[in-house]
Amino acid sequence: MNSSAPKSNGGGSILLVEDNKHGLIARKALLEEQGFRVGTARNGAEAVELFHKLSFDLVVTDYKMPKMGGVELIRHIKGCAPAMPVILLSGFVDILGLTEQSTGADVVIAKNPQEVSNLLRSVKRLLRRRVPRKPPGSQRNTVARSRKAQ
């Protein structure tokens with residue numbers, strides 16, 4: 001398995017899924033330079049394993065991969081964590097007419113010369129809108145306070 005856990009260097013935690021070794025290395029370096037922690041997987045099946053083992057704030061996945069493609073991975077992730085933001089990358093966006101509606105991704109980005117700026121802008125936007133994680137037991141305290149108010 002060629003997956004790796006995210007390194008802690010600030011920012012949000014991203015699961016990056018890409019079967020092309022050079023694309024994986026380049027995108028991982030780009031995201032880490034921006035202060036994000038990046039865990040990697042070489043296909044959808046590896047990504048599912050890593051997703052269930054570790055905590056991520058966002059998923060960036062390729063469309064076409066062996067074992068499990070990006071759309072199938074998105075369905076799995078959204079089935080487990082509906083609020084998880086997902087970005088789909090593909091060289092086939094225009095050819096196949098890939099959209100957010102047809103793939104289930106929050107953002108679909110074409111692999112082209114504008115990919116880097118589109119990816120960074122989308123990652124930052126999606127991570128800004130995430131719901132802050134509540135500390136354990138905070139829901140219990142909210143329920144107790146609302147009962148006292150009644």
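Which residues in α2 meet which residues in α3? The close-ups below start there, using a predicted model.

**View 1. Helix α2 meets helix α3.** On the α2 side, the residues in contact are Gly44, Ala47, Val48, Phe51 and His52, and their counterparts in α3 are Leu73, His76, Ile77 and Cys80. Sorted by class, this contact has six nonpolar residues, three polar ones and no charged ones.

**View 2. How α2 and α3 cross.** The axes of α2 (residues 44–53) and α3 (residues 70–80) come within 10 Å and cross at roughly 20 degrees. That angle makes α2 roughly parallel to α3. The crossing of α2 past α3 is right-handed.

**View 3. Glutamate 18 and its two partners.** Here glutamate 18 forms a salt bridge with arginine 27, with the closest N and O atoms 3.1 Å apart. Glutamate 18 is buried, at a relative accessible area of 2%, and arginine 27 is buried too, at 11%. Glutamate 18 also meets lysine 111 in a salt bridge (3.1 Å, N to O). Because glutamate 18 sits in the loop between β1 and α1 and lysine 111 in the loop between β5 and α6, the pair ties together parts 93 residues apart in sequence.

**View 4. Lysine 111 and aspartate 62.** Lysine 111 is partly exposed, with 30% relative accessibility. Its salt bridge with aspartate 62 has the closest N and O atoms 3.0 Å apart. Aspartate 62 belongs to strand β3 (residues 58–62), so this pair links parts that are 49 residues apart in sequence. Aspartate 62 is buried, at 5% relative accessibility. Through shared partners, salt bridges join Glu18, Arg27, Asp62, Lys111 and Glu115 into one network.

Technical notes. Residues are numbered from 1 along each chain as its sequence is written. This is a predicted model: local features need pLDDT of at least 70, side-chain atom pairs count only at pLDDT 80 or more; totals for chains, interfaces and linings use all residues. Side-chain values use heavy atoms; hydrogens and water are left out. Axes are lines fitted to C-alpha atoms, for helices over the stretch in contact, and angles run from 0 to 180 degrees between N-to-C directions. Helices (H or I, at least four residues) and strands (E, at least two) are DSSP runs, numbered from the N terminus. Angles under 35 degrees count as roughly parallel, over 145 as roughly antiparallel, 65 to 115 as roughly perpendicular and the rest as oblique. A crossing is left-handed if the near helix is turned anticlockwise from the far one by less than a right angle, and right-handed if clockwise. Contact means heavy atoms within 4.5 Å. Ala, Val, Leu, Ile, Met, Phe, Trp, Tyr, Cys and Pro count as nonpolar, Asp, Glu, Lys and Arg as charged, and the others, Gly among them, as polar. A salt bridge is a side-chain nitrogen of Lys or Arg within 4 Å of a carboxyl oxygen of Asp or Glu. Buried means under 20% relative accessible area, exposed over 50%, partly exposed in between (1.4 Å probe, protein chains only).
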